[in-house]
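Good morning, and thank you for coming. Please look at the sequence and the structure as they are shown, and then follow me through a few details.

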Amino acid sequence: MSWFVTRTLGPGVHLVAEPFHVNSFVVEGNDARVHLDTGLGVANIREAGDRLSDRAPRVANTHHHFDHVGGNALFDEVEIHELGADLIAEGVERATLDGYLGWARGMLEAWSTYRALDEDFFALTDDVSTLQPWPDGFDPDVWSIAPSKATRTLVDGDVVDLGGRRLRVMHTPGHTTDSVCFLDEADGFLFAGDTVNSGPILLTDPSADLEDFARSTRRLADEVASSVRVVCMAHGARFSAEPGYLREVAEGAEAAVEGSVPFVLEENAYSGSARIARFERFAIVMPPG
């Protein structure tokens, strides 16, 4: 199995998954294709895109986190919100990568038990949700993510024009200050980055803010939930959701702000000790302090 698992979601719209790690997306226009995030950088995501589209490649990042910009250096054109440009230019600290490798090691160790239970009882896993070893040639000890340079900085309302297809930039701070979503209004796709996810939604970045998150998700619920067909998400085996999920997340975020759904201090496999507010289909994870 290739490291990347791809699936066509609609005309010119492709999932490029690194299963159980991160989901990126490729969107084609007449003139160009854009990689909405570039994953972990442990395999060549540009080559994966070449197998999906012969259009000229470029990148638009949903935010600066390492698991969304790992392949940026493979591309000549990189777009990101103006608040993220300096952050991708700094590169990624080794401690961040080592912390992720530790979590991934635990996930790999647990996988055989999970898969055996799934085969016996649940039948939930498929190609997009099948964990695999690191790709051939990848050495975790020397893994690094090169700094990348923004060739264009984005603000709310900007358009990524691919020729016959336009993605509108929606600035949605909360997960990070530079978080954005990309809206394909004509075809009904919202690419939500880490603003809306299945499972845990992390508000653990130093710039994360719960009230910003509530405002951003409410904006998505009010402005686009009635017009989009599919919400594409960057994490979890459930890589897409129906538009009503936007309202569900917004209402949960507002309940967390109001305190009607409490945060409970728990031990979390990814972030260690954390305050977690749990909802039916997702959770909001914040630092313990």
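Predicted model: local features only at pLDDT ≥ 70, side-chain atom pairs only at ≥ 80, totals over all residues.

Asp212 and Arg215 both belong to helix α5, 3 residues apart, or about one turn of the helix. Helices here are DSSP runs of H or I with at least four residues, strands are runs of E with at least two, and both are numbered from the N terminus. The side chains of Asp212 and Arg215 form a salt bridge, at 2.5 Å from N to O; the term requires a side-chain nitrogen of Lys or Arg within 4 Å of a carboxyl oxygen of Asp or Glu. Asp212 is partly exposed, with a relative accessible area of 22%. On this scale, buried is under 20%, exposed is over 50%, and partly exposed lies in between, using a 1.4 Å probe and protein chains only.

Residues are numbered from 1 along each chain as its sequence is written, and side-chain values use heavy atoms, with hydrogens and water left out.

The structure holds 20 salt bridges. Which residue forms a salt bridge with Asp50? The partner is Arg33, at 2.8 Å from N to O. Arg33 lies in strand β4 and Asp50 in helix α1 (residues 45–50), so this pair ties together parts that are 17 residues apart in sequence. Arg33 is buried, at 0% relative accessibility, whereas Asp50 is partly exposed, at 41%.
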